[in-house]
Amino acid sequence: MVALYRPLFSVSSSPREHVLHKPTSQVSCSSLRSEPVKAEYKLQLLDNLFLALFRNKMAKEVGWDSEKPGYGGLIDVANRLMLTGRTNADTRDSAIRILRSLFPPLLLDLFKLLISPLAAGKIAAIMVARVTAVTCQWLMGTCTVNSIDLTDGTSWESGVFVERCKYLEESKCVGVCVNTCKFPTQTFFKDYMGVPLLMEPNFNDYSCQFKFGVLPPLPEDDVAFKEPCLEICPIASRRREIAQNLNVVQCPKA
């Protein structure tokens with residue numbers, strides 16, 4: 001997911017790529033399969049402001065906020081976003097509106113018009129990779145810029161490797177990951193900033209590889225969409241409890 005951007009400065013690169021765990025069946029939301037030791041990122045001066053702003057935008061979209069403070073409350077709101085969406089498309093569209101609301105519309109339009117076309121998209125891809133690594137650690141945890149291989153055989157320093165995504169780790173739900181983060185973020189960057197993006201979450205170790213400048217496959221062809229749903233998934237259990245009130249009977253990722 002995307003947070004507000006701070007001023008750009010360089011981030012050390014660490015070439016690294018992770019291969020997705022390939023699933024065997026298509027599902028709803030899924031609980032994670034292991035509980036690795038958490039990697040804590042210490043919040044910096046502006047991180048709490050970013051968290052508050054992002055949470056407020058999400059709560060406004062959902063029409064509800066949690067009583068929990070801080071990051072735990074954000075996860076509660078993300079869970080509610082999943083529960084209130086009648087379909088995958090509804091949830092993803094809501095998440096895209098949240099991302100768009102974080103930026104002045106003119107800024108996005110100018111970036112797409114003036115920056116994205118430069119050097120066949122390379123400058124924009126490298127730029128957003130560095131800004132993402134600098135400004136989004138409060139949301140995702142420790143991450144670094146790295147080199148990625150493109151389909152034409154060249155390499156760009158336009159990747160961001162998230163060591164262990166806090167958003168995924170705290171939500172413990174593949175549905176929250178793919179429907180409120182992965183697919184909406186990919187769509188946001190491509191459609192509103194003119195930068196293709198492929199995100200490759202690893203549901204075994206909580207890591208995630210961002211590849212700016214790489215077109216993602218269609219959602220139905222993406223292996224992340226085929227992660228199996230488990231009965232212990234917190235979203236699945238909560239949805240069963242409130243399904244009557246929502247007038248729906250199945251998980252929005254089904």
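Author: What follows goes through the salt bridges pair by pair.

This is a predicted model, in which local features need pLDDT of at least 70 and side-chain atom pairs count only at pLDDT 80 or more, while totals for chains, interfaces and linings use all residues. Residues are numbered from 1 along each chain as its sequence is written, and side-chain values use heavy atoms, with hydrogens and water left out.

Searching the whole structure gives five salt bridges, a salt bridge being a side-chain nitrogen of Lys or Arg within 4 Å of a carboxyl oxygen of Asp or Glu. One of them joins the side chains of Asp65 and Arg55 at 3.0 Å, N to O; Asp65 sits in the loop between α1 (47-62) and α2 (70-84), and Arg55, ten residues apart from it, in helix α1. Helices here are DSSP runs of H or I with at least four residues, strands runs of E with at least two, numbered from the N terminus. Asp65 is partly exposed at 36% relative accessible area, whereas Arg55 is buried at 10%, where buried means under 20%, exposed over 50% and partly exposed in between, for a 1.4 Å probe and protein chains only.

Lys68 and Asp76 form another such pair, at 3.7 Å, N to O, in which Lys68 is partly exposed at 45% and Asp76 is buried at 14%.

In the pair of Asp222 and Lys182, the N to O distance is 2.9 Å; because Asp222 lies in the loop between β4 (208-212) and α9 (234-246) and Lys182 in helix α8 (residues 174-193), the contact ties together parts 40 residues apart in sequence. Asp222 is buried at 3% relative accessibility, and Lys182 is buried at 1%.
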